[in-house]
Amino acid sequence: MSTAHEIAPTTGPGPTAPASGTTRTTDGRAGAAGAPAGTADRPEGSAAGPAWTADGPYSAALRTGRGPLFLRRADGWLLPLEVERWCADPDAVDLEVLGRCEGTVLDVGCGPGRLVAALAARGRPVLGIDVSEAAVARTVGLGGPALRRSVFEPLPGEGRWDTALLMDGNVGIGGEPHVLLCRLARLLRPGGLLIVEAAPVDVDERVEVQVVHPADAGGGAGSPFPWARVGAPALLCHAERAGWRAVDQWTAGGRCFAALRSRSTRTSAEPPKSTAVISNQRARKPSGGRPVASR
Ligand SMILES: C[S@@+](CC[C@H](N)C(=O)[O-])C[C@H]1O[C@@H](n2cnc3c(N)ncnc32)[C@H](O)[C@@H]1O
């Protein structure tokens, strides 16, 4: 992921796996934590695990707006997660991405919601989805509509979104970029725009990772789950195979992006019903939901 700069292998015993449990989504549906139901197109093992969804280090970090937090690969290397940046206001690089968005916007894996909130504040029809309850709560607290849902589950506005975002390494969700990109092609309208952030290095890897806080080096992290890291060249290959056409590429602030257009010729998709889609999912803005820390 672009936010990941390999820094050092860790040592010590592996983490303990938390018990899986049943959670309730923001729209009231019950299910296994983050596990999609009836999702034939999701990759093997792509159900978002307790690492993101349980009361673990990711949730704790989002509540305080502070790291450090890492994805730890099986070989012990740590990939930093930029929690402080995600919990801050959008920076100049983010704003350029937001300026490219068209029509209705779906932010996949919206995290604490800086992009969703910024678009909503501009009056743009936007929805964030994330499997993390803490991420959705924080997004809603910022005034951004958000839904606790996996991208591999049925979503509102299927086939009608104008723009989708896969930011901050989220092309790694599910561990199979090809499958994720195919899923995104079905979420967007024909000719829709997908903006993907690639890793800033030439990499194409599928890995098992855990979310860990440094204090968890000896245990306490979630169970391993599949993730992927792809640099721009690999991203374009995966995108081509999944039916996307690259229309732009740029780098800013050390981050790499690609703009892709769906090549689908589907004609059955209705025009976006953005108001209906968004208003049905908009959650009330609770008080006191501002980020605790920003930089
Ligand atoms: C690398 S973080 C990116 C954070 C985010 N883009 C931001 O602005 O803060 C990955 C995010 O994707 C979410 N996620 C993981 N698997 C998911 C899935 N299957 N569907 C939707 N979101 C998922 C995680 O909960 C997490 O918030």
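I note here that the model is a predicted one.

From that pair I went to the strands themselves: S3 covers residues 70-73 and S10 covers residues 204-212, and the two run antiparallel, joined by four bridges. I then traced the sheet they belong to, which is open, has four strands in the order S4-S3-S10-S11, and shows antiparallel pairing. Strand S4 (78-80) and strand S11 (225-230) stand at its edges, and because each has a single partner strand, one side of each is left without a neighbour in the sheet.

Next I checked the backbone in the loops. I found a cis peptide bond from Gly-67 to Pro-68, with omega near 0°, and I placed Pro-68 in the loop between helix H2 (57-64) and S3.

In the loop between strand S8 (161-166) and helix H7 (177-187) I came to Asp-168, whose phi is near 55°, a positive value in a residue other than glycine. Is Asp-168 buried or exposed? I record Asp-168 as buried, because 23 other C-beta atoms lie within 10 Å, and the cut-off for that word is 20 or more.

Last, I turned to the ligand, which has 24 residues around it, with Trp-52, Trp-86, Gly-109, Gly-111 and Ser-132 coming nearest. I sorted the residues of this shell into 14 nonpolar, seven polar and three charged.

Conventions
Residues are numbered from 1 along each chain as its sequence is written. This is a predicted model: local features need pLDDT of at least 70, side-chain atom pairs count only at pLDDT 80 or more; totals for chains, interfaces and linings use all residues. Two strands pair if DSSP finds at least two bridges between them. A residue is near a molecule or strand if its C-beta atom, placed from the backbone, lies within 6 Å of it. Ala, Val, Leu, Ile, Met, Phe, Trp, Tyr, Cys and Pro count as nonpolar, Asp, Glu, Lys and Arg as charged, and the others, Gly among them, as polar. A residue is buried if 20 or more other C-beta atoms lie within 10 Å of its own, exposed if 12 or fewer, and partly exposed in between; C-beta atoms are placed from the backbone.
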